[in-house]
Amino acid sequence: MSLDDVVYVLCLLGCIGAGSYIRKIQDEQQRKLISTGLGITVIIVVSGFHSLHCFISLALGSACVLLVEPSKCHLVTFVVMFGYLVFFRLFDFYLSIPGHTNMIQMLLTLKVSGIAFEKTASWKRLKARDEQTQNEKRDVNSETTIEITDYDVEVQQLSAAEIVHYSLNYIGVLTGPYYRYRTYRDYFEMPFKHYAPSLESTIEKLKYAVFYCSIYLTTNYIWPLEYALSDEFYNERSFAYRLLYVWPVFFVFRARIYTGLTLSECVCTMAGFGAYPEEADASNGEGPRKRYQHLKRNAEKLSYNFTTIVNTRVLEVEKCWTFREGMKHWNVCVQYWLAVNVYKLFPSKKYRTVATLLCSAYWHGFRPGHYFCIMGAPFYVALEDMWHKIVRKDATGPSRQVIDVIFWIFKWFAFSYLGTAFLLSSFGRIWHFYNSVYHIGYISWVAMILLGLYLTNLKKAAERRQKRKLEAEADGDRESTAIKEKAQ
């Protein structure tokens with residue numbers, strides 16, 4: 001592990017330990033100030049001088065949220081925060097910035113622009129409610145009822161201090177998870193944190209974190225990514241070895257990511273952050289999907305979960321059969337942000353998937369590997385969906401089980417092949433590696449798409465012939481019936 005990784009892990013462990021103390025603070029304002037102070041401390045320890053980027057971008061984004069009119073503040077804030085990433089990464093090009101500072105800046109971008117999107121959405125609901133009220137006064141019937149909550153009103157009255165507290169809260173400041181301002185507000189206003197199984201959940205997650213970390217350290221020692229950059233790898237290893245090396249390299253990457261994300265979730269659970277009653281129907285990143293404010297009256301009698309802050313469903317990622325399913329379980333909280341703020345709001349339905357993926361790649365960084373990996377995903381998903389319809393959809397019994405296993409193997413090859421580009425990062429390294437394996441991934445996928453299209457056309461032609469045959473038989477039956485009726 002590098003020195004940056006050691007400092008990163010120590011900061012996470014320190015934040016986990018602090019959660020027990022912070023959860024017990026009775027004065028909510030004091031709890032908020034200490035949480036923000038600890039977050040600022042973590043940023044400075046990890047980033048040093050480069051922490052100025054976080055504070056400058058936060059100031060710019062907060063000004064947009066507060067000063068721009070609600071109808072446009074989401075777009076202006078989005079442009080400012082994502083635009084600052086350009087300056088930040090150009091700065092990184094000339095003066096190397098710690099990798100964990102990049103992650104802090106990425107999360108800050110989502111939080112500040114996310115709160116602007118929430119403010120605009122609430123403003124639209126309030127405006128629609130006012131219009132509905134005016135229509136009722138004029139005896140104009142309205143087909144829908146606009147539901148307004150106290151949160152919609154509160155978001156319009158945000159202060160700069162609240163945005164700073166939310167953005168720099170130590171919980172999630174390093175690696176996430178992303179959470180809404182509403183989740184942050186509920187932590188200080190709702191009593192759920194006092195009754196959630198914080199210690200038990202944290203211990204359970206720590207066990208998994210130790211397991212993932214041990215796997216990472218072991219496998220990284222055996223199959224380091226650096227070996228894929230060596231002359232020996234390209235000059236002395238066989239084609240098969242180089243091609244299969246993508247599997248352990250991406251496995252090492254997953255173990256590392258799982259370790260960091262699980263420790264980040266421990267920071268939340270130890271503090272009781274993101275805990276909601278089961279009845280609230282909380283989802284990852286979004287929080288409660290049902291009304292839950294009334295549940296605080298008997299909070300001590302309820303059962304709780306931390307679904308809101310679960311960022312990756314590790315078991316589901318590993319065992320699901322298809323690439324599409326795997327994507328749904330990976331980095332779920334960030335996917336929620338992208339779905340709500342980019343995918344659903346993009347004006348063109350035809351291009352919104354591409355726009356969302358481009359936004360994701362841009363957010364991750366400007367290195368070619370990010371685009372090779374993320375923009376290659378829809379290409380493989382389209383291939384997978386095609387073959388699902390051809391061979392998997394109608395399969396049952398043992399044949400379905402065999403097909404599922406084949407899909408699972410292909411899923412992990414696709415993840416590993418594309419993920420290796422993400423890890424190699426630069427175009428020269430990626431092209432060198434893909435050349436060494438003759439671009440077999442992309443070539444085989446194109447071949448499978450062409451074969452799939454051919455088989456799909458054959459299937460459709462056979463269905464058309466069968467349909468015409470059935471129609472002809474039906475016509476023949478009708479003619480026979482008519483002849484018999486005439487004869488009678």
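Mentor: Asp 281 sits in the loop that runs between strand E1 (276–277) and strand E2 (282–283), where strands (E, at least two residues) and helices (H or I, at least four) are DSSP runs numbered from the N terminus. Please keep in mind that this is a predicted model, in which local features need pLDDT of at least 70 and side-chain atom pairs count only at pLDDT 80 or more, while totals for chains, interfaces and linings use all residues. Residues are numbered from 1 along each chain as its sequence is written, and side-chain values use heavy atoms, with hydrogens and water left out.

What draws attention to Asp 281 is a positive phi of about 55 degrees, although this residue is not a glycine. Its relative accessibility is 29%, so Asp 281 counts as partly exposed, a class that lies between buried (under 20% relative accessible area) and exposed (over 50%), computed with a 1.4 Å probe on protein chains only. His 439 is likewise not a glycine and has a positive phi, of about 50 degrees; it belongs to the loop between helix H20 (427–436) and helix H21 (440–487), and with a relative accessible area of 17% it is buried. A further backbone feature is the cis peptide bond that joins Gly 176 and Pro 177, with omega of about 5 degrees; Pro 177 is found in the loop between helix H7 (160–168) and H8.

Of its 488 residues, 47% are buried. Among contacts (heavy atoms within 4.5 Å) with a separation of 6 or more, 75% are between residues 24 or more positions apart.

Salt bridges, each a side-chain nitrogen of Lys or Arg within 4 Å of a carboxyl oxygen of Asp or Glu, number 15 by this rule. In one of them, the closest N and O atoms of Lys 193 and Glu 28 are 3.7 Å apart. Lys 193 lies in the loop between helix H8 (181–189) and helix H9 (198–222) and Glu 28 in helix H2 (residues 28–47), so this pair ties together parts that are 165 residues apart in sequence. Lys 193 is buried at 3% relative accessibility, whereas Glu 28, at 24%, is partly exposed.

Another salt bridge pairs Arg 185 with Glu 154, their closest N and O atoms being 2.9 Å apart. Because Arg 185 is in helix H8 and Glu 154 in helix H6, this pair links parts 31 residues apart in sequence; Arg 185 counts as buried at 7% relative accessibility, and Glu 154 as partly exposed at 30%.

As for the cysteines, the structure holds zero disulfides, a disulfide being a pair of cysteine sulfur atoms within 2.5 Å. Cys 266 is in none, since the nearest cysteine sulfur, that of Cys 268, is 9.1 Å away; Cys 266 is itself buried, with a relative accessible area of 0%.

Finally, consider the second largest pocket, whose volume is about 900 Å³. Of the 35 residues that line this pocket, Ala 121, Arg 125, Arg 180, Tyr 336 and Val 340 are the closest to its centre. On a 1 Å grid over the protein atoms alone, a cavity is a set of points where a 1.4 Å probe fits but cannot get out, whereas a pocket is an open set with protein on both sides within 12 Å along at least five of seven lines, and lining residues have an atom within 4 Å of a point. Grid points are joined across faces, edges and corners, and a volume is the space filled by probe spheres set on the points. H5 supplies the largest share of the lining of the second largest pocket, eight residues.
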